[in-house]
Amino acid sequence: MLNARTVGTACLALVMMVGTGSSLLMAQAGKKKAAAKAAGPVPTAAEIESAEEIYKTKCAVCHTMDGNSPIPNMNFSDGEWRHGSTVKDVMSTISNGVQGTAMMPFKTSFSEGEIAALARKVRSFDPKLK
Ligand code: HEC
């Protein structure tokens with residue numbers, strides 16, 4: 001019954017199972033990584049606080065305090081994101097601005113964490129986004 005051959009086959013089957021399991025785990029980890037990338041860095045409490053102040057003093061003039069600007073391109077609550085809606089996309093818009101418009105690049109003005117917090121803040125005006 002338990003000759004070398006059956007043991008060998010069982011071992012091979014076990015190795016294959018473990019192999020499949022770990023590649024599944026790796027695929028899942030990959031997906032999580034991609035999701036984390038789209039979600040961007042997680043800002044600290046201090047960065048969130050700073051972003052609130054920045055929004056009030058540097059963004060609200062154009063985008064209004066409630067993000068519901070009457071000018072569609074400047075509106076954050078109508079569900080339309082012309083330059084992408086993930087945290088990463090919005091961070092990139094805030095960092096690089098939109099060439100040829102009044103939306104200037106802010107990457108040299110604020111830290112990455114503040115930009116991440118700003119991206120989360122402007123996205124929060126859109127009830128369709130989580
Ligand atoms: C001088 C006016 C002005 C200021 C100040 C300003 N923006 Fe903008 N912003 C614009 C305009 C105009 C657009 C639309 C660009 C276009 O036509 O695509 C825009 C677009 C955006 C978008 C893209 C929205 C989309 O649909 O994808 C984001 C995000 C954004 N602004 C964030 C900010 C943040 C955050 C600040 C403050 C740090 C800020 N803006 C300050 C004028 C401004």
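Guide: A charge sits over a ring if NZ of Lys or CZ of Arg is within 6 Å of the ring centre and within 35 degrees of the ring normal. Please keep in mind as we go on that this is a predicted model.

Visitor: Which residue lies over the face of Y55, and at what distance from the ring centre?
Guide: Y55 belongs to an aromatic cluster together with F76, W81 and F125. Over the face of Y55 lies K121, and its distance from the ring centre is 5.3 Å.

Visitor: Is F125 buried or exposed?
Guide: A residue is called buried when its relative accessible area is under 20%. F125 has a relative accessibility of 16%, and therefore F125 counts as buried.

Visitor: How many residues apart are F76 and F125, which form a stacked aromatic pair?
Guide: The rings of F76 and F125 are stacked, with 6.3 Å from centre to centre and 5° between the planes. This pair links distant parts of the chain, since F76 is in the loop between α2 (45-63) and α3 (87-96), while F125 is in the segment after α4 (112-124), and the separation is 49 residues.

Visitor: Which helix gives the most residues to the shell around the ligand?
Guide: The shell around the ligand has 20 residues, with C59, C62, H63, H83 and M103 as the closest. Both α2 and α3 supply at least two residues of this shell. The element that gives the most, with four residues, is α2.

Visitor: How far is a polar side-chain atom of H83 from an oxygen atom of the ligand?
Guide: The ligand takes up the space of the largest pocket. There, an N or O atom in the side chain of N73 is 2.7 Å from a ligand oxygen atom. For the polar side-chain atom of H83, the distance to an oxygen atom of the ligand is 2.6 Å.

Conventions. Residues are numbered from 1 along each chain as its sequence is written. This is a predicted model: local features need pLDDT of at least 70, side-chain atom pairs count only at pLDDT 80 or more; totals for chains, interfaces and linings use all residues. Side-chain values use heavy atoms; hydrogens and water are left out. Rings of Phe, Tyr and Trp (its six-membered ring) pair if their centres lie within 6.5 Å; planes under 30 degrees apart count as stacked, over 60 as edge-to-face and the rest as tilted. Buried means under 20% relative accessible area, exposed over 50%, partly exposed in between (1.4 Å probe, protein chains only). A residue is near a molecule or strand if one of its heavy atoms lies within 4 Å of it. A polar contact is a pair of N or O atoms within 3.5 Å; within protein, one must be able to donate a hydrogen and the other to accept it, and residues adjacent in sequence count only if both atoms are side-chain atoms. On a 1 Å grid over the protein atoms alone, a cavity is a set of points where a 1.4 Å probe fits but cannot get out, and a pocket is an open set with protein on both sides within 12 Å along at least five of seven lines; lining residues have an atom within 4 Å of a point. A molecule sits in a cavity or pocket if more than half of its atoms lie within 2 Å of its grid points.
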